[in-house]
Amino acid sequence: MLGRPSFSLSRNGSFRAENLGQNALALIGNLCFTMFVVGVLVFTIIAATYQPEDPLFHPSSKMTNFLTSNSNATFKSDTGVVKTGEDFVASNQTAFATFINITDVDAAELPTEGGEGAETNPEEGAVCNTEGPINCRDPDVFHLLMRSAIEKFKDIHFYRFGKPVQGDNDSSCHMAWRFRPKEGKAAAFYKDYRSFTLEKSDNCTLSVSGIGEYHSGGKARKRKGKGRGKNREKDKEVFEKVLTKVDDNPIALPDVGETVEDALPTVESEGSFGRGKYLIYSDGGDRCKSMHQYLWSFTCMLGEAQYLNRTLVMDLSVCLSKMYTSSGQDEEGKDFRYYFDFEHLMDSASVLDQKQFWSDWNKWQKKNGLNLHLVEDFRVTPMNLAKVDDTLIVRKFGDVEPDNYWYRVCEGEAESAVERPWNMVWKSRRLLDIASAIASRMSWDFDSVHIERGEKASNKELWPNLDKDTSPEALLSTLKYKIEDGRNVYVATNEPEISFFDPLKDKYSLHFLDEYKDLWDSNSDWYSETTKLNNGVGVDFDGYMRISVDTEVFLRGKKQIETFNDLTKDCKDGVNTCTSAS
């Protein structure tokens, strides 16, 4: 037996001394293989059950990284404001570098206007008429108003001035301008138009004796030129510096304060309707969910329409989740345009209102032989539909969640092909204009503090320190190292009793959202414009609108103090949930 090879060992001879080395090697090999199999099994289970965090709850840098990742979306209830396309644009745009200084105004030579209403400079020796009306179109008046605005508003940069127009009386002129706060963090321009009161001295020298409040110069609020997007006519009656560097493909930026023109689009003719290709999403389980889920599904739908090169036919009627309503019930009948910038969406993509579309379809479908392609399975990918030639593709979703969520269309294989066009979805500029008005009333010179209390402060199990850390005494102790005494401080909070913060008023000039109710009451521009969108019925300033404006004002503060980063060591989502990015 000693001379026989030992490749196959008998049961009785396997533990002989001369075979122990080989047995040990075989045993080690089997253990390693077993560990490998167990490791693969554990990894497979984790991969199959893993659910990543909702990307919309993270800062823009993390959101940008997520947009290039291959992960399925899951959602948690969150009453915070949803991030939209403009939140992910860098604030160091080329267009922000060239602003107007006093020296630019002094060096400018503005031509004297002729024609009706024009006034030439009086000749030497002419009689000075101190009682005559101010000619707001006079270039010297234009110079004077520009200088006065730049000297008055030291915390903003000016980018364009519109020529003044006659105000409410003979000594009043209205003038508009485009601006940004000097320390602005949002990638946006703002528009203001104000009334100027002028006085004439005995020798007819003009001076500005007063400047009205934000948006007080309504006669200078011009309608925008015809056309859409890059094809829109530009206003030639302006003074602005020429950009030293022009981007070949400039990024579109919101113009907050401009007239919003978001009337529903219509099809030009029966012929153009028949030549079009359309996509509709119908039914599904996204309705009345959080605004985060709504937008995640909406951008999937919009992305598929872009991928298929089809016009998106969208339902502008939104159901507002009960998490945002004062009634505690889901509220139907909200308009998409209350919360998002529909004008920008129309400028960026081909979209139609669903009600108008079905009306046109019923008129022309049979007459022109237009075909409909029905899809009832979200697993039918956009790539599968790329060659469908029918006029209309309808994706119909069922009743079983989560398979009836619209965003499921963009998961899996489709995720690498369909890009969510975040740049096409902006927040409502009507709401942003309210935030701008609030910031303007504080002269864009304020710090902001977010103080979250509410249910979290009373839940000691998940947030053991929050109630104590956000008490007036603790706030005074913490903020004295962060905000100078006497500063304007905007407090964004869910604490229902504002008097809770009274002890802070000895050190700071506090401001809260409800201090500015006149900006959305029945006499406001916002109320008037939203009432028109709602067929003459007044619109409530709901919970999501409040959160949106509160957040936007907070983000415009020069210093921004957060609850869970700066005021308490508790984690935003409860004990042991803190992450490096939160």
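Keep in mind that the model is predicted. As background, most residues other than glycine have a negative phi, and most peptide bonds are trans.

**A cis peptide bond**
- Going from Glu401 to Pro402, the peptide bond is cis, and its omega is near 5°.
- To find Pro402, look in the loop that runs between strand E14 (392–397) and helix H11 (429–441).

**Positive phi without glycine**
- Cys204 isn't a glycine, yet its phi is positive, at about 70°.
- You'll spot Cys204 in the loop between strand E4 (189–200) and strand E5 (206–211).
- Cys204 counts as partly exposed because its relative accessibility is 25%, and the partly exposed range sits between under 20% (buried) and over 50% (exposed).
- His215 isn't a glycine either, and its phi is positive too, at about 60°.
- The loop that holds His215 lies between E5 and strand E6 (238–239).
- His215 has a relative accessible area of 16%, so this residue is buried.

**A buried glutamate**
- Glu552 belongs to helix H16, which covers residues 543–555.
- Is Glu552 buried or exposed? With 6% relative accessibility, Glu552 counts as buried, because buried means under 20%.
- Which residues is Glu552 in contact with, leaving aside its neighbours within four places in sequence? They are Lys427, Leu432 and Ala435.

How values were computed. Residues are numbered from 1 along each chain as its sequence is written. This is a predicted model: local features need pLDDT of at least 70, side-chain atom pairs count only at pLDDT 80 or more; totals for chains, interfaces and linings use all residues. Side-chain values use heavy atoms; hydrogens and water are left out. Helices (H or I, at least four residues) and strands (E, at least two) are DSSP runs, numbered from the N terminus. Buried means under 20% relative accessible area, exposed over 50%, partly exposed in between (1.4 Å probe, protein chains only). Contact means heavy atoms within 4.5 Å.
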